[in-house]
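Here is a short tour of one protein model, written to be read with the structure open beside you.

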Amino acid sequence: MLREYAIDPKVVTSDINILQRFYSEFGADNGRVIAEVPLRWFQHFKTELDKLGLKPIEKTRYLEKLNKKMKTTLISRGDRQLAEDESWITHVVTIHDREQFNAILSDNDDINRQIYNYSRMMEFIPDNWEIAHSASIVPTAENIVNTIETSINLSTQFMFIDPYFNIIDDRFRIPFFRFISKIKNNRFRTNRIQLHLCEQIDMRRRDIERSMNDHLVPFLTGGFVVDVHIWPNQYIHDRFILTNKVGYSYGHGISSGNNINTNITRLSEHLRETEHRRFCDYTQRLGEAMTFTRI
């Protein structure tokens with residue numbers, strides 16, 4: 001539900017219509033993100049934008065919109081800046097050979113190398129260019145995790161939000177452990193996540209703490225850390241996975257074994273930000289967060 005592209009900033013800024021199409025098509029909430037190749041991609045973009053000849057007020061408006069969008073759209077590849085005599089396409093193809101993009105968007109087509117002409121993408125279009133906002137899955141642990149696998153790989157911060165989460169229950173524990181395994185081996189080797197849940201009648205704070213120590217901590221190898229936040233029952237209803245790049249709603253919960261399919265929906269950036277702010281406002285949280293790791 002998320003795909004990563006390398007795109008030449010010169011092509012994006014070559015024409016006002018292409019620039020407008022780029023703005024509407026890209027963004028994590030649209031399912032398309034940009035690999036930061038070369039380093040300081042957005043600075044290259046702004047340099048090229050100067051050549052488009054926009055009026056100052058138009059340029060300011062585009063930059064304001066794009067500055068905000070880039071916070072969730074640009075994905076680090078740990079790259080370097082271009083050498084003085086190095087072309088963008090040569091550099092990007094070298095990186096693509098090491099770890100592939102979903103496609104390279106340039107000013108020429110070379111389909112065998114997954115290079116597409118973004119300025120006239122009609123005859124040749126990258127595979128799976130159209131990206132659905134939601135997916136209905138059979139709620140197995142594997143499907144729950146793999147449906148957002150690319151998002152896991154490209155993010156550095158994670159919030160798991162489910163009011164009924166119970167680490168004792170296999171339906172929650174098995175998918176959660178799969179998520180942790182994917183996260184700790186993602187591109188950034190992320191080693192800390194947040195879990196937000198509610199107390200239940202038979203699972204109060206002390207019970208939650210005991211169950212985490214018994215069932216979660218033994219799994220947390222390599223210094224991995226889980227911060228558990230407990231909220232009033234009325235504070236959480238919907239189930240989400242929020243990252244620093246993209247957010248997803250999990251209709252029937254982040255749990256396996258249900259009799260009906262689970263709908264996973266990619267959130268708009270506005271909704272992702274709104275929910276993120278809610279769970280960073282600790283005024284209604286029940287006590288301090290509990291931190292779990294294996295020493």
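## The largest cavity

The lining of the largest cavity is made up of 6 nonpolar, 2 polar and no charged residues. In these classes Ala, Val, Leu, Ile, Met, Phe, Trp, Tyr, Cys and Pro are nonpolar, Asp, Glu, Lys and Arg are charged, and the others, Gly among them, are polar. The lining residues are F165, N166, I167, L197, M203, I208, S211 and M212, and helix α9 (residues 205–216) gives the most, with 3 residues. This cavity holds about 40 Å³ of space, and the count of cavities of 30 Å³ or more is 1.

The model is a predicted one: local features need pLDDT of at least 70, side-chain atom pairs count only at pLDDT 80 or more, and totals for chains, interfaces and linings use all residues. Residues are numbered from 1 along each chain as its sequence is written, and side-chain values use heavy atoms, leaving out hydrogens and water. On a 1 Å grid over the protein atoms alone, a cavity is a set of points where a 1.4 Å probe fits but cannot get out, while a pocket is an open set with protein on both sides within 12 Å along at least five of seven lines; lining residues have an atom within 4 Å of a point. Grid points are joined across faces, edges and corners, and a volume is the space filled by probe spheres set on the points.

## The largest pocket

The largest pocket has a volume of about 280 Å³. Its lining counts 16 residues, and those nearest the centre are K68, K69, T72, E269 and E273. Two or more lining residues come from each of α4 and α10, with α4 giving the most, 7 residues. By class, 1 lining residue is nonpolar, 6 are polar and 9 are charged.

## R272 in helix α10

R272 sits in helix α10 (residues 269–278); helices (H or I, at least four residues) and strands (E, at least two) are DSSP runs, numbered from the N terminus. Is R272 buried or exposed? With 8% relative accessibility, R272 is buried (under 20% relative accessible area; exposed is over 50% and partly exposed in between, with a 1.4 Å probe and protein chains only). A polar atom of the R272 side chain lies 2.8 Å from the backbone oxygen of T243. Beyond its neighbours within four places in sequence, the contacts of R272 (heavy atoms within 4.5 Å) include T72, L242, T243 and N244.

## One face of helix α2

In helix α2 (residues 16–25), I18, L19, F22 and E25 are the buried residues. Seen down the axis, they fall within an arc of 135 degrees, so they line one face of α2; the arc is that of the directions from the helix axis to the C-beta atoms. Among the elements covering them are β1 (3–7), β2 (32–35) and α3 (41–49). After α2 comes G27, with a positive phi near 130 degrees.

## Backbone points to check

Most residues other than glycine have a negative phi, and most peptide bonds are trans. V37 and P38 are joined by a cis peptide bond, with omega about -5 degrees, and P38 lies in the loop between β2 and α3. Q114, not a glycine, has a positive phi of about 60 degrees and is partly exposed at 23% relative accessible area. R189, also not a glycine, has a positive phi of about 50 degrees, and R189 is exposed at 53% relative accessibility.

Methods
Polar contact = N/O pair within 3.5 Å; in protein donor to acceptor, adjacent residues only side chain to side chain.
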